Amino acid sequence: MTDKIKKASRHTSQSEGLIFEKSAHGKRGIELPPLDVPAIDAAAALGAAHARGEIIGFPEVSEIEVIRHFTRLSTWNYAIDLGMYPLGSCTMKYNPRVNEFVARLEGIATEHPYQPLELSQGCLKILQLLETCLLEITGMDAVTLEPSAGAQGELTGLLLIRAYLQSRGNPRKKVLIPDSAHGTNPATAVIAGYEVENIKSESHGQVDVERLREQVTEDVAALMITNPSTIGVFEQRIAEIAEILHAKGALLYMDGANMNALAGVARPGDFGVDVMHLNLHKTFSTPHGGGGPGAGPVLMKKFLEPFRPVPVLTVKPDGTLALDVNRPRSIGRVRAYCGNFGVLVRALAYTLAYGPGIRQATEDAVLNANYIRKKLEGVYDLPYSLPSMHEVVFSDARQKKHGVSTMDIAKRLIDYGFHPYTTAFPLIVPGALMVEPTESESKEECDLFVDAMRAIAEEAATNPEVVKTAPHSTRVGRLDEVGAARKPILRWKPSASGEAAD
Amino acid sequence: MRYLPKSPSERQEMLAAIGAKSIEELFASIPAAHRLKTPLRLPGPLSEMEIIEFFKARAAENSVGYTSFLGAGVYNHHRSVVTDALLQRGEFLTSYTPYQAEISQGTLQAIFEFQSLMCQLTGQEVANASMYDGSTALTEAALMAERVTGRSRVLMARSVHPEYRQVLATYARNSGLQVEEIAFTASGQLDAAALRSAVSSEVAAVIVQSPNFFGVLEEIPALAEIAHAKEALLVVGITEGVSLGAVRPPAEADIVAMEGQSFGLTPSYGGPFVGVIASREKYVRQMPGRLTGQTVDAQGRRGFVLTLATREQHIRREKATSNICTNQALCALAATMHLCLLGKEGLREQAQQNLSKARFALAELEKIPGVRRAFPGAFFNEFVIELPRSVKLVNAALLRDKIIGPLALGVFYPELSKRGLVCVTETTTRVEMERFAASLRRALAQPLE
Amino acid sequence: MPYPNDFRYTDEHEWIKVSGDTGTVGITDYAQHELGDVVFVELPKVGAKISAHQSFGTVESVKAVSEIYAPVSGEVVAVNSALANSPEQLNSDPHGAAWLIKVKLSNPGELSSLMDAAAYQKYIAEKQKEASA
């Protein structure tokens, strides 16, 4: 390995098999307090038809084994706490620990959604304050905190649009989606009952306004736009785009995944967006936790408010808060209870920590992205010349000449101690390298990243094999994904556990 | 600001490297008309201590100090402190979706274990890596049945959790899926005769919940036969996962949609929870959500990867099985840790404690004049009692004794305003149950106002 | 891999070999090469009706899904069930053992709009030139 790798080096890590492989009859991890009422025999109480025998294969291990098992597993993961994730459009920022603390407080973590309103005012005030803050940040008029993730927020937004258009006599048939869009956009449009019509981006990766003018007909319900775009560039003609849509009675939906470039600097409500979602697990620091949970609140202009999903947070005449389900024009419920409350708590804690100073976070995010762009242009191909905001997209065009692709570079970056950037997205940039450092990265970390990317570019030219066969320093190398898809093994089975733990 | 690792001089250095004179220059691509001229009006900034004070003050305005007999899809169960100790490790908490398998083996192996545990619990062959919650899992299961059968009607038991039914209705309205509700009988179970007449070759799925919203166990094998006679699928929802420690799993179901909150997740005012879809191997390509599979690297070392991703939105886009991207991974991890700690015997014992305590509570309540059990089917840890007066009024009296009484069913079933749903788990003490009974007796003895 | 002269080809890279009123349909070597390792093939059932230029199935690699378009209209009379267990055959023998379906043609006139082997090879040579430009 080259001495150019400064951020990481090899270290012995513990091996660990599957928990089922350490199981043995008679071991326990939790011991319950004894029963204080007469014990009932389960089979007698339920009847033979309903009673269960043993749960075959279910693990039996001790507390220490569980601690070791998951601790060892954790050491095989990369994480924000270890270093930068330059993943474009993911906004992998620091997950503040006070957020975890307050979400676990007794009186917060313990509350039941059906308990009486008079014993839930604390929860409802948290929702109310978060609503107020998100409205201020986005410049919108009304909000729902119910959707569980960005994709569910998108669906809620499209259902709001459908309900509104329906109320005016015609829900319309199509949703326009740029070819640079995240996959959840077209998937969601279909679930909302719309046809997807793609709109090709122009040469700078922005929405092609002239094409839009042609494509917006009275059959179009909405355009789903991400702003800044998935290239990381602000859609400069956004106000014009909104006008074109509105002139034909169509609406503008904004995917708020890239809000980290805008918070405190510009507000979607001010530049013509009718409805949008936010990803609290991106811009608002709630932890990704290996894939979720998130939350995808939806913010909207006043005319969409009557259609909000239930329950709706309301203020009663006596000033106390309530959740109203009696909303005749509502699109209905999108999930049980009122949303991922624990995630909402964390997002509010984050917002309170910054206050109006949230602008500073946005500025640092954009500063970091532009710094990296400056340091790597000339080394990696920049397919667009427009200014980047919080993320920059390169392509692997130069490295392709040596047979090295964005995927290979990403894998080699692992050896340098980083998580890869986003590869192969957006689809409109062939061989894309999408880099979003976020404001959580110090100059030191940014410089280490730049040095690593420069070193890999050099390797691509002088020693491409080491890049193409990377990573070399991980516990497992590149895994056989073809085999995994051809003959899926999706669960542990006692007879098939022939593979020894590594 | 403590979350920003830059000094003012470093910012200057970086601006200089970029060739910009000020940070404002970097925002020049935003048309001036859209750029804010004044700071946002937001509360804060708050120090860590002030943030904690704020939330402690909110916590004090909630239900601390009260004893609750609420269930209805959200359950109080013991959870070990070991779960949080492990869950809060930064490598789990702050890691990303495991698309880069080589540096996510911790997450991937844990998900594989989660999928395995869910199969063992539900008696199904394959389980996914989580949905948002039980309500969306049940909805996605219905949509999955639609894809598998090519049919567009589902029959939904009215004894399924009302909010779950509402969620399906929202999704169905826009997908052309027709939902027909089937009534329950005096036993609290789905009306099998009504189901038999409603099932036809146009029905994609029969959807039931067991234990159902009234806590009553449905007769799964019989319902499966009715559905399968017309080649419809049986979808079974489960909201109280601990029941699987004592109740036989719905092995005849084609799809199980479970809420895993009972496995180590706090009630947290309704979320985040963890939904799971479990089904037969032959339907795996129609399953929504992520799936983790076992494989090997070039040296033959075992490893795990996300697999069958062509079902998902980032590849299939408009033809995806679902639009789900972010799921409930950390919650699934918590459930995995919790279940490993509990283990085979622990879960069985926990379930048995639920059964025992619930029956004790029922017996105590039935001693009160005017109180009788409604919906007398087999049950796990929830049961319905009928009172001589409105449950809402009685609950107001119980509150004065710091007891949160049974869920007033009239909220969801207008014809059941005198019935309340009582939940008792292993965390409910004998003393609390006796207090509840005494308080209820007193409340019923009061003259009506 | 050679492109058989008795096949006809579509611009979406399917081939058809006609014998009497029945045609055997598959994807070309160019298509399998573009796809990469095939992991799954989704095919219609026997008896299904297909229409020229409409999708009748999909081919999946790990990272992508491609529609398979019908070269002609007709009724599916046979489906290659071996592909369910060995989708990798599509990579090793796309013109032979990995045929996809056999179809009874409802409109043999449609064949005249398909390319012959020479025209198809010219077509893919141009595509390869575009890709490396």
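Predicted model: local features only at pLDDT ≥ 70, side-chain atom pairs only at ≥ 80, totals over all residues.
Q: Starting with B:Asp297, is that residue buried or exposed?
A: B:Asp297 is buried, with a relative accessible area of 5%, where buried means under 20%, exposed over 50% and partly exposed in between, for a 1.4 Å probe and protein chains only. Residues are numbered from 1 along each chain as its sequence is written, and chains are lettered from A and ligands numbered from 1 in the order in which they are written.

Q: Where does B:Asp297 lie, and which residues does it touch?
A: B:Asp297 is in the loop between β9 (292-296) and β10 (302-306) of chain B; helices (H or I, at least four residues) and strands (E, at least two) are DSSP runs numbered from the N terminus. Leaving aside residues up to four places away in sequence, B:Asp297 touches A:Val476, A:Gly477, A:Arg478 and A:Leu479, a contact being heavy atoms within 4.5 Å.

Q: And what does the side chain of B:Asp297 reach?
A: The side chain of B:Asp297 reaches the backbone nitrogen of B:Gln299 at 2.9 Å.

Q: Switching to salt bridges, how many does the structure hold?
A: Over all chains there are 63 salt bridges, each one a side-chain nitrogen of Lys or Arg within 4 Å of a carboxyl oxygen of Asp or Glu.

Q: What about A:Glu136 and B:Arg41?
A: The side chains of A:Glu136 and B:Arg41 form a salt bridge, at 3.4 Å from N to O. A:Glu136 sits in helix α4 (residues 121-138) of chain A, and B:Arg41 in the loop between α1 (8-18) and α2 (48-59) of chain B, so this pair joins two chains. A:Glu136 is buried at 12% relative accessible area, whereas B:Arg41 is exposed at 68%.

Q: Which residue forms a salt bridge with A:Lys174?
A: The partner of A:Lys174 is A:Glu197, with the closest N and O atoms 2.7 Å apart. That pair links distant parts of the chain, 23 residues apart, with A:Lys174 in strand β2 (residues 174-178) and A:Glu197 in strand β3 (residues 195-199) of chain A. A:Lys174 counts as buried at 18% relative accessibility.

Q: And in chain B, what joins B:Arg153 and B:Glu180?
A: Their side chains meet in a salt bridge at 2.1 Å, N to O. B:Arg153 lies in strand β3 (residues 153-157) and B:Glu180 in strand β4 (residues 178-182) of chain B, so the pair ties together parts that are 27 residues apart in sequence. B:Arg153 is buried, with a relative accessible area of 16%, while B:Glu180 is partly exposed, at 31%. Elsewhere, salt bridges that share partners join A:Glu100, A:Arg104, A:Arg346, B:Arg79 and B:Asp84 into one network.

Q: Back to β3(B): how many bridges does it share with β5(B)?
A: β3(B) and β5(B) pair in the parallel sense over four bridges, two strands being paired if DSSP finds at least two bridges between them. In that pairing B:Val154 has B:Ala205 of β5(B) as its bridge partner. Strand β5 (residues 203-209) of chain B also runs parallel to β6 (residues 233-238), to which five bridges join it, and B:Val206 stands opposite B:Leu234 in β6(B).

Q: How covered is β5(B)?
A: Strand β5 of chain B is mostly covered, with seven of its seven residues buried.

Q: Last topic, what is the area buried between chain B and chain C?
A: About 600 Å² is buried there, of which carbon and sulfur atoms give 48%; buried area is the accessible area (1.4 Å probe) that two parts lose on being put together, summed over both. On the chain B side, B:Arg285, B:Thr310 and B:Arg316 lose the most area to chain C, together 69% of what that side buries. The contact takes five residues from chain B and eleven from chain C.

Q: How many salt bridges and polar contacts cross that interface?
A: The rule finds zero salt bridges between chain B and chain C, and one residue pair is in polar contact, both residues at pLDDT 80 or more. A polar contact is a pair of N or O atoms within 3.5 Å; within protein, one must be able to donate a hydrogen and the other to accept it, and residues adjacent in sequence count only if both atoms are side-chain atoms.

Note on methods:
Heavy atoms only, no water.
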